[in-house]
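Subject: Structure handover

Hello,

Here is the structure to be handed over, with the sequence. My notes on what was found follow below it.

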Amino acid sequence: MIEETETGTCAPVSASELKPGTRKARTINIYSRLAGLYSFFRVKDGLDTVLELMAIEDGNRVLDVGTGPGLYALHIARSWPNCSVHGLDMCSRFLEIARRRALKQNSTNAHFTLGDAENMHYASSAFDRVLYCSTLVLLPNMKGTIDEAYRVLKPGGIAVFKELLHKWFIHKELFYVFWKLYVKTLGLFCRDVRGLNRTDYEGRKLTESDLSLLLQESHFSDYKVFTKGERLYAVCRK
Ligand SMILES: C[S@@+](CC[C@H](N)C(=O)[O-])C[C@H]1O[C@@H](n2cnc3c(N)ncnc32)[C@H](O)[C@@H]1O
(Lines give C-alpha, C1' and ligand atoms only; values in the text may rest on other atoms or scores of the structure.)
Protein backbone atom coordinates (compact mmCIF):
# COMPACT_ATOMS: atom_id res chain seq x y z
CA MET A 1 0.00 0.00 0.00
CA ILE A 2 1.23 3.49 -0.79
CA GLU A 3 1.73 5.62 2.28
CA GLU A 4 0.74 9.13 1.40
CA THR A 5 -1.47 12.00 2.24
CA GLU A 6 -3.55 13.64 -0.42
CA THR A 7 -4.18 16.68 1.68
CA GLY A 8 -0.59 17.86 1.42
CA THR A 9 -0.31 18.16 5.19
CA CYS A 10 2.74 15.97 5.64
CA ALA A 11 6.06 17.62 6.51
CA PRO A 12 8.29 16.13 3.84
CA VAL A 13 11.16 18.58 3.72
CA SER A 14 13.36 18.86 6.76
CA ALA A 15 13.58 22.23 8.52
CA SER A 16 17.37 22.43 8.05
CA GLU A 17 17.01 22.10 4.28
CA LEU A 18 14.52 24.92 4.31
CA LYS A 19 16.93 27.35 5.98
CA PRO A 20 17.20 30.47 3.82
CA GLY A 21 19.99 30.15 1.27
CA THR A 22 19.88 26.38 0.81
CA ARG A 23 19.16 25.21 -2.72
CA LYS A 24 15.80 23.71 -1.68
CA ALA A 25 14.70 26.88 0.10
CA ARG A 26 15.60 28.89 -3.00
CA THR A 27 13.75 26.45 -5.27
CA ILE A 28 10.60 26.69 -3.16
CA ASN A 29 10.88 30.48 -3.00
CA ILE A 30 11.31 30.97 -6.72
CA TYR A 31 8.69 28.43 -7.79
CA SER A 32 6.17 29.72 -5.24
CA ARG A 33 6.51 33.14 -6.78
CA LEU A 34 6.54 32.00 -10.38
CA ALA A 35 4.00 29.15 -10.16
CA GLY A 36 1.13 31.15 -11.69
CA LEU A 37 3.19 32.51 -14.55
CA TYR A 38 4.94 29.18 -15.16
CA SER A 39 1.64 27.29 -15.24
CA PHE A 40 0.12 29.76 -17.69
CA PHE A 41 2.95 29.47 -20.21
CA ARG A 42 4.09 25.87 -19.68
CA VAL A 43 3.54 23.47 -22.58
CA LYS A 44 4.01 19.70 -22.57
CA ASP A 45 7.30 19.69 -24.46
CA GLY A 46 8.64 16.31 -25.54
CA LEU A 47 5.35 14.66 -24.54
CA ASP A 48 5.26 12.13 -27.42
CA THR A 49 8.75 10.84 -26.66
CA VAL A 50 8.03 10.75 -22.92
CA LEU A 51 4.91 8.65 -23.47
CA GLU A 52 6.64 6.34 -25.91
CA LEU A 53 9.45 5.70 -23.40
CA MET A 54 7.07 5.24 -20.47
CA ALA A 55 5.11 2.53 -22.33
CA ILE A 56 2.25 2.89 -19.86
CA GLU A 57 -0.07 -0.09 -19.49
CA ASP A 58 -3.64 -0.08 -18.29
CA GLY A 59 -3.85 -0.24 -14.50
CA ASN A 60 -0.30 1.08 -13.93
CA ARG A 61 0.51 3.22 -10.91
CA VAL A 62 2.36 6.24 -12.26
CA LEU A 63 4.39 8.81 -10.31
CA ASP A 64 5.32 12.23 -11.72
CA VAL A 65 8.09 13.68 -9.55
CA GLY A 66 8.34 17.49 -9.46
CA THR A 67 4.98 17.61 -11.18
CA GLY A 68 4.65 21.43 -11.06
CA PRO A 69 1.23 22.37 -12.46
CA GLY A 70 0.67 18.69 -13.27
CA LEU A 71 0.58 18.98 -17.06
CA TYR A 72 2.13 15.57 -17.75
CA ALA A 73 0.38 13.85 -14.83
CA LEU A 74 -3.02 15.17 -15.88
CA HIS A 75 -2.44 14.22 -19.50
CA ILE A 76 -1.60 10.65 -18.43
CA ALA A 77 -4.58 10.51 -16.04
CA ARG A 78 -6.91 11.61 -18.83
CA SER A 79 -5.46 9.24 -21.44
CA TRP A 80 -5.31 6.20 -19.12
CA PRO A 81 -8.41 6.43 -16.88
CA ASN A 82 -7.61 3.02 -15.37
CA CYS A 83 -4.20 4.14 -14.16
CA SER A 84 -3.68 5.88 -10.87
CA VAL A 85 -1.44 8.88 -11.35
CA HIS A 86 0.40 10.61 -8.51
CA GLY A 87 2.06 14.00 -8.80
CA LEU A 88 4.61 14.94 -6.13
CA ASP A 89 6.00 18.43 -5.63
CA MET A 90 7.71 20.44 -2.93
CA CYS A 91 5.91 23.65 -3.85
CA SER A 92 2.37 23.87 -2.49
CA ARG A 93 1.35 26.66 -4.89
CA PHE A 94 1.94 24.32 -7.81
CA LEU A 95 -0.07 21.60 -6.08
CA GLU A 96 -3.03 23.97 -5.66
CA ILE A 97 -2.93 24.69 -9.40
CA ALA A 98 -2.62 20.99 -10.31
CA ARG A 99 -5.53 20.03 -8.02
CA ARG A 100 -7.68 22.80 -9.46
CA ARG A 101 -6.94 21.55 -12.98
CA ALA A 102 -7.71 17.97 -11.94
CA LEU A 103 -11.11 19.10 -10.65
CA LYS A 104 -11.75 20.99 -13.87
CA GLN A 105 -11.07 17.90 -15.98
CA ASN A 106 -13.14 15.73 -13.59
CA SER A 107 -10.11 13.60 -12.94
CA THR A 108 -10.64 11.02 -10.22
CA ASN A 109 -7.40 9.12 -10.87
CA ALA A 110 -4.93 12.01 -10.42
CA HIS A 111 -3.61 12.76 -6.93
CA PHE A 112 -1.24 15.55 -5.98
CA THR A 113 0.90 15.39 -2.85
CA LEU A 114 3.46 17.58 -1.11
CA GLY A 115 6.83 15.86 -0.79
CA ASP A 116 10.55 15.87 -1.38
CA ALA A 117 11.91 14.02 -4.41
CA GLU A 118 15.08 13.15 -2.53
CA ASN A 119 13.26 11.50 0.34
CA MET A 120 9.88 10.32 -0.86
CA HIS A 121 7.28 9.11 1.60
CA TYR A 122 6.10 6.30 -0.68
CA ALA A 123 6.65 2.66 0.10
CA SER A 124 9.30 0.77 -1.86
CA SER A 125 8.13 -0.88 -5.12
CA ALA A 126 4.96 1.22 -5.12
CA PHE A 127 4.93 2.35 -8.76
CA ASP A 128 5.09 0.85 -12.26
CA ARG A 129 6.26 4.07 -13.92
CA VAL A 130 8.14 7.10 -12.58
CA LEU A 131 8.63 10.33 -14.52
CA TYR A 132 10.95 13.32 -13.97
CA CYS A 133 10.39 16.23 -16.39
CA SER A 134 12.86 19.09 -15.89
CA THR A 135 13.15 18.14 -12.23
CA LEU A 136 16.37 16.16 -11.81
CA VAL A 137 18.64 19.08 -12.62
CA LEU A 138 17.11 21.14 -9.80
CA LEU A 139 17.91 18.64 -7.09
CA PRO A 140 21.02 19.06 -4.95
CA ASN A 141 21.55 15.30 -4.71
CA MET A 142 20.89 13.90 -8.18
CA LYS A 143 22.42 10.52 -7.33
CA GLY A 144 20.20 10.17 -4.23
CA THR A 145 17.19 11.14 -6.34
CA ILE A 146 17.91 8.39 -8.87
CA ASP A 147 18.27 5.92 -5.96
CA GLU A 148 14.82 7.03 -4.77
CA ALA A 149 13.38 6.47 -8.27
CA TYR A 150 14.81 2.94 -8.20
CA ARG A 151 13.46 2.28 -4.70
CA VAL A 152 9.85 3.27 -5.42
CA LEU A 153 9.74 1.34 -8.73
CA LYS A 154 8.39 -2.19 -8.87
CA PRO A 155 10.73 -4.78 -10.41
CA GLY A 156 10.29 -4.42 -14.18
CA GLY A 157 9.09 -0.82 -13.70
CA ILE A 158 10.31 2.05 -15.87
CA ALA A 159 11.76 5.46 -14.94
CA VAL A 160 11.94 8.24 -17.52
CA PHE A 161 13.99 11.42 -17.15
CA LYS A 162 13.67 14.41 -19.46
CA GLU A 163 15.75 17.58 -19.28
CA LEU A 164 16.39 20.54 -21.55
CA LEU A 165 19.90 20.48 -22.99
CA HIS A 166 20.40 24.24 -22.80
CA LYS A 167 22.77 24.09 -25.77
CA TRP A 168 22.52 27.87 -25.78
CA PHE A 169 23.81 28.06 -22.20
CA ILE A 170 26.00 31.13 -22.19
CA HIS A 171 28.69 32.19 -19.79
CA LYS A 172 27.29 32.33 -16.24
CA GLU A 173 28.00 36.02 -15.67
CA LEU A 174 26.43 36.98 -18.99
CA PHE A 175 23.44 34.81 -18.15
CA TYR A 176 22.87 36.81 -14.96
CA VAL A 177 22.97 40.10 -16.87
CA PHE A 178 20.06 38.80 -18.97
CA TRP A 179 18.40 37.36 -15.86
CA LYS A 180 18.46 40.79 -14.18
CA LEU A 181 17.00 42.47 -17.26
CA TYR A 182 14.37 39.74 -17.58
CA VAL A 183 13.28 40.02 -13.95
CA LYS A 184 13.13 43.82 -14.16
CA THR A 185 10.99 43.75 -17.32
CA LEU A 186 8.69 40.98 -16.10
CA GLY A 187 8.40 42.76 -12.75
CA LEU A 188 6.72 45.69 -14.49
CA PHE A 189 3.73 43.45 -15.18
CA CYS A 190 3.93 40.74 -12.54
CA ARG A 191 4.21 41.64 -8.85
CA ASP A 192 5.41 38.16 -7.79
CA VAL A 193 8.58 38.53 -9.82
CA ARG A 194 9.65 41.87 -8.37
CA GLY A 195 12.70 41.80 -6.14
CA LEU A 196 13.95 38.37 -7.22
CA ASN A 197 17.71 38.52 -7.35
CA ARG A 198 20.63 36.52 -8.52
CA THR A 199 20.90 34.40 -5.39
CA ASP A 200 17.31 33.22 -5.87
CA TYR A 201 18.14 31.36 -9.04
CA GLU A 202 21.04 29.11 -9.83
CA GLY A 203 20.94 27.81 -13.37
CA ARG A 204 22.49 24.38 -13.88
CA LYS A 205 22.77 22.20 -16.90
CA LEU A 206 22.98 18.46 -17.31
CA THR A 207 24.79 16.91 -20.27
CA GLU A 208 24.39 13.50 -21.85
CA SER A 209 27.65 12.33 -20.28
CA ASP A 210 26.67 13.70 -16.82
CA LEU A 211 23.43 11.73 -16.91
CA SER A 212 25.14 8.60 -18.28
CA LEU A 213 27.66 8.75 -15.44
CA LEU A 214 24.93 9.20 -12.83
CA LEU A 215 23.06 6.16 -14.18
CA GLN A 216 26.23 4.12 -14.46
CA GLU A 217 26.74 4.67 -10.72
CA SER A 218 23.08 3.92 -9.90
CA HIS A 219 21.30 0.62 -9.18
CA PHE A 220 19.82 0.62 -12.70
CA SER A 221 21.65 -1.80 -14.96
CA ASP A 222 19.26 -1.51 -17.91
CA TYR A 223 19.14 2.08 -19.14
CA LYS A 224 19.52 4.22 -22.25
CA VAL A 225 20.49 7.90 -22.44
CA PHE A 226 19.99 9.87 -25.65
CA THR A 227 19.35 13.36 -26.99
CA LYS A 228 16.64 14.41 -29.39
CA GLY A 229 16.55 18.02 -30.60
CA GLU A 230 16.94 20.29 -27.60
CA ARG A 231 16.16 17.55 -25.08
CA LEU A 232 18.00 14.93 -23.10
CA TYR A 233 16.18 11.69 -22.20
CA ALA A 234 16.93 8.62 -20.14
CA VAL A 235 14.80 5.52 -19.87
CA CYS A 236 15.67 2.99 -17.15
CA ARG A 237 14.15 -0.37 -16.30
CA LYS A 238 14.40 -1.86 -12.79
C1 LIG B 1 11.00 23.06 -13.92
S2 LIG B 1 9.67 22.58 -12.91
C3 LIG B 1 9.00 21.23 -13.87
C4 LIG B 1 7.55 20.98 -13.55
C5 LIG B 1 6.90 19.89 -14.40
N6 LIG B 1 7.58 18.63 -14.27
C7 LIG B 1 6.85 20.32 -15.83
O8 LIG B 1 7.67 19.81 -16.62
O9 LIG B 1 6.00 21.16 -16.16
C10 LIG B 1 10.48 21.71 -11.60
C11 LIG B 1 9.56 21.29 -10.50
O12 LIG B 1 10.29 20.50 -9.57
C13 LIG B 1 9.86 20.83 -8.27
N14 LIG B 1 10.90 20.45 -7.31
C15 LIG B 1 12.14 20.98 -7.19
N16 LIG B 1 12.81 20.37 -6.19
C17 LIG B 1 11.97 19.43 -5.68
C18 LIG B 1 12.09 18.48 -4.63
N19 LIG B 1 13.20 18.36 -3.90
N20 LIG B 1 11.03 17.68 -4.38
C21 LIG B 1 9.89 17.79 -5.11
N22 LIG B 1 9.73 18.67 -6.10
C23 LIG B 1 10.75 19.49 -6.39
C24 LIG B 1 9.61 22.32 -8.34
O25 LIG B 1 8.77 22.78 -7.31
C26 LIG B 1 8.95 22.44 -9.72
O27 LIG B 1 7.58 22.26 -9.66
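**Ligand shell**

By class, the residues around the ligand divide into ten nonpolar, six polar and five charged. Of these 21 residues, G66, G68, M90, A117 and C133 come nearest to the ligand. Two elements, α1 (23–41) and β2 (84–89), each supply at least two residues of the shell. The largest share comes from α1, with three residues.

**Confidence**

Please keep in mind that this is a predicted model. The mean pLDDT of the chain is 86, and 82% of the residues reach 70 or more. Over residues 1–12 the pLDDT is below 50, and beyond near neighbours in sequence this stretch has 25 contacts in the model.

**Overall layout**

The chain contains seven helices and seven strands. Read from the N terminus, their order is α-α-β-α-β-α-β-β-α-β-α-α-β-β. Of the 238 residues in the chain, 37% are buried. Among contacts between residues at least 6 apart in sequence, 73% join residues that are at least 24 apart.

**Nonpolar core**

The largest nonpolar core has 58 residues, of which V130, L131, V152, V160, L215 and A234 touch the most other members. Helix α3 (residues 71–79) gives this core its largest share, six residues.

Which residues does L131 touch, leaving aside those up to four places away in sequence? The list for L131 is V50, M54, L63, D64, V65, Y72 and V160. Two of the residues on that list, V50 and M54, belong to the buried set of the helix described next.

**Helix α2 and the residue after it**

In α2 (residues 47–54), the buried residues are V50, L53 and M54. Why do they lie on the same side of α2? They cover an arc of only 100° around the axis, and this places them together on one side of the helix. D48 and E52, on the other side of α2, are exposed. The cover over the buried residues of α2 includes α3, β4 (127–133), β5 (153–164) and β7 (231–237).

Just after α2, A55 takes a positive phi of about 45°, although A55 is not a glycine. A55 sits in the loop between α2 and β1 (61–65). With 13 other C-beta atoms within 10 Å, A55 is partly exposed, because a residue needs 20 or more to be buried and 12 or fewer to be exposed.

**Helix α5**

What is buried in α5 (142–152)? The buried residues of α5 are M142, T145, I146, E148, A149 and V152. They cover an arc of only 155° around the axis, so they are on the same side of α5. These buried residues pack against β1, β4, β5 and α7 (208–216). V152 is also among the residues that touch the most other members of the largest nonpolar core.

S134 lies in the loop between β4 and α5. Phi of S134 is near 55°, a positive value in a residue other than glycine. S134 is partly exposed, with 17 other C-beta atoms within 10 Å.

D45 is in the loop between α1 and α2. Is D45 buried or partly exposed? D45 has 17 other C-beta atoms within 10 Å and is therefore partly exposed. R231 is 186 residues away from D45 along the chain, yet their C-alpha atoms are separated by 9.1 Å.

T108 is in the loop between α4 (92–104) and β3 (110–114). T108 counts as exposed because there are 10 C-beta neighbours inside 10 Å. The C-alpha atoms of T108 and P81 are separated by 8.4 Å, and these two residues are 27 apart along the chain.

**Points to keep in view**

When you go through the model, residues 1–12 are the stretch with pLDDT below 50. For the core, L131 is one of the residues that touch the most other members.

Regards

Terms used: Residues are numbered from 1 along each chain as its sequence is written. This is a predicted model: local features need pLDDT of at least 70, side-chain atom pairs count only at pLDDT 80 or more; totals for chains, interfaces and linings use all residues. pLDDT is the predictor's confidence in each residue, from 0 to 100. Two residues are in contact if their C-beta atoms, placed from the backbone, lie within 7 Å. A residue is near a molecule or strand if its C-beta atom, placed from the backbone, lies within 6 Å of it. Helices (H or I, at least four residues) and strands (E, at least two) are DSSP runs, numbered from the N terminus. Ala, Val, Leu, Ile, Met, Phe, Trp, Tyr, Cys and Pro count as nonpolar, Asp, Glu, Lys and Arg as charged, and the others, Gly among them, as polar. A nonpolar core is a set of buried Ala, Val, Leu, Ile, Met, Phe, Trp, Tyr and Cys residues joined through C-beta atoms within 7 Å. The arc is that of the directions from the helix axis to the C-beta atoms.
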